[in-house]
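Have the structure open while you read.

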Amino acid sequence: MTVLVVGSVALDTVETPFGRMEEILGGSASYFSYAARLFAPVQLVGVVGEDFPQEHVEEFRRRGIDVAGLIREPGRTFRWWGRYRGAMNVAETLDVQLNVFGEFQPEVPDEYRDAEFVFLANAAPEVQLQVRRQIPGARLVVADTMNFWIENEREGLLALLAEVDGVVVNDQEARQLTGVQNLILAAREVLALGPRLVVVKKGEHGAMLVTETDLFMVPAYPTTAVKDPTGAGDSFAGGMMGHLARCGEVTDVHLREALAFGTVVASLTVEDFSLRRLAACSTREVEDRLTELRQMTRL
Ligand code: AMP
């Protein structure tokens, strides 16, 4: 089955201890799509400006990503400038220029409206909710968010959470959203806000899934080659949703597998700048890394 993503397509400037790259392809929908296409067909809804290199659009197409929903508007493309230092655990945002993304009112094309697996990447909760309501028949709608919306758009975010099936947050966001420090209890509080599944990402410490009937933990794949952590969260979501769309089912067992695939794909993303590593990656490589992870965690 197909997976639909709505989110940012960006030109990023990224600084890490391994170098500085300017105006490289980024954005939540880009990372998500490059990851999810390893598992299932992907449809992308987003916006770019007149300055967005056409070669990036061709690269999406070349990887089988359907970009009929990627529109070009007059103006400049969304830009994000971030820096990672030390252990590279947190991104310091140095600048954000929303440009055409700031005005974006996503319209899901008619041919995408029967999508069954949908990812609402980080955006204003009100915009995410508008999209959610355009796809009432979807089987699984999962949303991402960030600290900015938890602080500044809490009401909108709560309205969104009441209408989605799942949410992915990092540990800090789970605590900030609920005021609860223990992550398991925090995840359960999030469940009470509406979603039936909550995924808490803990960076190098792995990820946790909480549903009404399950609690599952997966450690991060221990890569020693981290160069640029940008997009880890979005490609995690891409691996997770891609696997679920490939299976066409959302049982606890499939969700557990999906979490493991998300973890493995994220570990590949961070091994190079931008989408380079994911661009060169095959489904076989992902499967092999999952086999290694299984061996490393077997008691
Ligand atoms: P991640 O590291 O998975 O959280 O995602 C990083 C990507 O998100 C970068 O490529 C940025 O272009 C994009 N990004 C950063 N801030 C925002 C924002 N406020 N809204 C949408 N996308 C963003």
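This is a predicted model: local features need pLDDT of at least 70, side-chain atom pairs count only at pLDDT 80 or more; totals for chains, interfaces and linings use all residues.

1. Let's start with the ligand. Its surroundings hold 17 residues, and Ser8, Asp12, Gly27, Gly231 and Asp234 are the closest of them. Sorted by class, this shell has eight polar, seven nonpolar and two charged residues.

2. Where in the fold does that shell come from? Strand 2 (10–16), strand 6 (78–83), helix 1 (28–36) and helix 8 (232–247) each put in at least two residues. Helix 8 gives the most, with three.

3. Now for the polar atoms around the ligand. Asp12 has a side-chain N or O atom 2.5 Å from an oxygen atom of the ligand. On the Ser8 side chain, a polar atom sits 2.8 Å from a ligand nitrogen. Gly233 takes part through its backbone, where a polar atom lies 3.1 Å from an oxygen atom of the ligand. As for cover, the ligand on its own has 510 Å² of accessible area, and the protein covers 81% of that.

4. Strand 13 (215–218), helix 9 (252–269) and helix 11 (283–297) each supply at least two lining residues, and helix 11 gives the most, with four. Among the residues of the lining are Phe216, Met217, Arg256, Glu257, Leu290 and Arg294. By class, the lining has seven nonpolar residues, four charged and one polar.

5. Asp214 itself is in the loop between strand 12 (207–211) and strand 13. Is Asp214 buried or exposed? Its relative accessibility is 12%, under the 20% cut-off, so Asp214 counts as buried.

6. How many cavities of 30 Å³ or more does the whole structure have? The search finds one. The largest cavity has a volume of about 60 Å³, and its lining includes Val6, Phe101, Phe104, Leu120, Val127 and Val131. Helix 3 (residues 125–134) accounts for the largest share of this lining, with three residues. The lining of the largest cavity divides into nine nonpolar and two polar residues, with no charged ones.

7. Finally, two backbone angles to check by eye. Most residues other than glycine have a negative phi. Glu23, in strand 3 (residues 19–26), has a positive phi, near 50 degrees. With a relative accessibility of 40%, between the 20% and 50% cut-offs, Glu23 counts as partly exposed.

8. The other angle belongs to Met88, whose phi is also positive, near 60 degrees. Met88 lies in the loop between strand 6 and strand 7 (92–97). Because its relative accessible area is 9%, which is under 20%, Met88 is classed as buried.

Terms used:
Residues are numbered from 1 along each chain as its sequence is written. Side-chain values use heavy atoms; hydrogens and water are left out. On a 1 Å grid over the protein atoms alone, a cavity is a set of points where a 1.4 Å probe fits but cannot get out, and a pocket is an open set with protein on both sides within 12 Å along at least five of seven lines; lining residues have an atom within 4 Å of a point. Ala, Val, Leu, Ile, Met, Phe, Trp, Tyr, Cys and Pro count as nonpolar, Asp, Glu, Lys and Arg as charged, and the others, Gly among them, as polar. A residue is near a molecule or strand if one of its heavy atoms lies within 4 Å of it. A polar contact is a pair of N or O atoms within 3.5 Å; within protein, one must be able to donate a hydrogen and the other to accept it, and residues adjacent in sequence count only if both atoms are side-chain atoms. Accessible areas come from the Shrake-Rupley method with a 1.4 Å probe; for residues, only the protein chains shown count as cover. Buried means under 20% relative accessible area, exposed over 50%, partly exposed in between (1.4 Å probe, protein chains only). Grid points are joined across faces, edges and corners, and a volume is the space filled by probe spheres set on the points.
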